[in-house]
Amino acid sequence: MLQLDNVTFAPQGKRLLDDVSIEVVAGEVYGLLGPNGAGKTTLLKAISGDIKTQGSIRLYDKTLSDWNRRDLAQHLAVLPQASQLAFPFSAREVVALGLTPLSLSRGQASRLIDEKMQLTDCTRFADRPYPSLSGGERQRVQLARVLLQLSQAGRAPLLLLDEPTSAQDLGQQHNLLGLVQQLARDEGFGVIAILHDLNQVLRYCDNCCLLDKGQVCVIDTPAEVLSDARIQQHWQYESQRVVLGNGQVVLV
Amino acid sequence: MPRSVPLYAFALTGLLLVCGLLSLVVGAMSLPVLDSLLIVVDKAFDANFSQLHDYQEVVVLELRLPRLLLAIFVGAILAQCGAVVQGLFRNPLADPGIIGVSSGAAVGAIVAIVLFPSAWGSWTIPVSAFLGGLLTTLLVYGFAQSKNGTSVLVLLLAGVAISAFAGAAIGFLSYFADDSSLRELSVWQMGSLTSASSANLWLAFTTMLVLMIAFQRRAQALNAVLLGESEARHLGINVEQLKLQMIILTAVGVGVAVSCAGIIGFIGLVVPHLVRLATGSNHHYLLPLSALLGAVLLMCSDLLARVVVQPAELPVGLVTVLLGAPFFLVLLVQQRKNWS
């Protein structure tokens, strides 16, 4: 669904992205990994259209600039790291912002808002002011908003997640990533996620791309990418592996 | 829609009607309520129900009614522009003056008063004020442009700098003005609704209507911008176009308001906050309710301005600041926990 060819971003001569080519298919969770400053967030910004790059970025064989704004918003959404609101909205009003690119009747809109809030477990604090929610609750509200935004996509949509679990406790992290994985499996979402926790990469990603200094180092399954040698080379950390009873590998 | 929204809309409309009626009958000359109402009906439908004397009729139709209508239109324009500017810049302390439009309009008016007082007849001051406001806004907007888009921070700071420069220009022109220009200039700067005429009433009414429709159409986009500019872009909003549209519409709105009524402070700053406290920040309700409350507040301020020191009267801009500034401080003290 998403194809990046030779994407380069070099403001003032500094190559933050250097000839990056990746492909993401519908139904997979695709991890972007790398140490700090590797270019992960810059790459996500390039895909979301926040920065203009050289090279080509195509979603369903159409370059991003050829998409109509509203159509693109219905097929590509970004779950931000942390969202502040300048003036207080209720949680439900924040979710309703996902209606912006859609044309729905009032009844349809209200039904969809309820559905997405239920899916992300936000219903019980729907009427509370957004600023009074915890970091984890806010993230779930934002996820409900983003899912509403993508609910009318004609083809499988692409969801971009920038460190989605940074403000969440352990249980919430796994709930959120589990839900995202389920959306990819059951509804064919393409998901690109920046994740710092390599165990989460091993558990939830189907494929991943290791970036360093703006360049692609390797693209493969997480188990192949995250070898001890690579972790030592790119994160300067000597990791150890523990194999659990169910065969799952955990890095420590 | 929160249940409180229709309730507040109903209450404000009631208040608008009651205060409107009071504005017609209260003043240096007290008039009978029913006949004052009937004379307005007579005028509208060419009937003959009212028992008012001719001189009383003149007071209602030529003096009080135009003033009352101008207060409604200007109050609604300023309050809506305030709500839009605060939302667009995601800054609770923004008001239309902050992008330099009020001070630019003041410079325009003062240039007209001092240098060419009768170039376009009675339109000289309004047209110069409007042009001054629009030019200043475009200048501030130009400063904030870069290849990455419009920087809100630069826009606000350029607005502060240009306003300071405009203040110096006003001081310079005042220094060279003669006594009569100086008096006209200081009265104009304090804001007044006495210049209500059928021409500027139509101008203010049309502007209010156009702004109400244009702002309401972009209410969802303004809501989205509250999340942040890139979030709004990801929701399919052309943020640069929205900013340009809203800034130009605000400049036109405030330019018209200032050209019809001089500088009237605090309506644009305080009214949207009051509405947010009552019904929340959703622009779908914030904009129309701000228009209603702005109209009511300016009308009440003008009523106070007319009756407090009668038979003389205070400039209405002075009353809005006298009421608005302490009120705003109370609001700040109440909200400081949330904003710290």
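Predicted model: local features only at pLDDT ≥ 70, side-chain atom pairs only at ≥ 80, totals over all residues.
**The contact between the chains**

The contact draws on 23 residues from chain B and 24 residues from chain A, and the area buried between the two chains is about 1,900 Å², with carbon and sulfur atoms giving 60% of that area. On the side of chain B, the residues that lose the most area to chain A are L227(B), H234(B) and L235(B), which together account for 37% of what that side buries.

Between chain B and chain A there is 1 salt bridge, formed by D50(A) and R233(B), whose closest N and O atoms are 4.0 Å apart. The count of residue pairs in polar contact, both at pLDDT 80 or more, is 5. The elements of chain B that give two or more residues to this side are α3 (54-88), α9 (219-225), α10 (229-234) and α12 (267-279), and α10(B) gives the most, with 4 residues.

The table sorts the side of chain B that touches chain A by class.

| Class | Residues on the side of chain B |
|---|---|
| Nonpolar | 7 residues |
| Polar | 12 residues |

**A residue in chain A**

L102(A) lies in the loop between α3 (91-96) and α4 (106-119) of chain A, and L102(A) counts as buried because its relative accessible area is 9%, where buried means under 20%. Leaving aside neighbours within four places in sequence, L102(A) is in contact with R70(A), Q74(A), L148(A), Q149(A), S151(A) and Q152(A).

Methods. Residues numbered from 1 in each chain as written. Chains lettered and ligands numbered in written order. Heavy atoms only, no water. Contact = heavy atoms within 4.5 Å. Buried area = accessible area lost by both parts, 1.4 Å probe. Salt bridge = Lys/Arg side-chain N within 4 Å of Asp/Glu carboxyl O. Polar contact = N/O pair within 3.5 Å; in protein donor to acceptor, adjacent residues only side chain to side chain. Nonpolar A, V, L, I, M, F, W, Y, C, P; charged D, E, K, R; others polar. Buried < 20%, exposed > 50% of the residue type's maximum accessible area, 1.4 Å probe, protein only.
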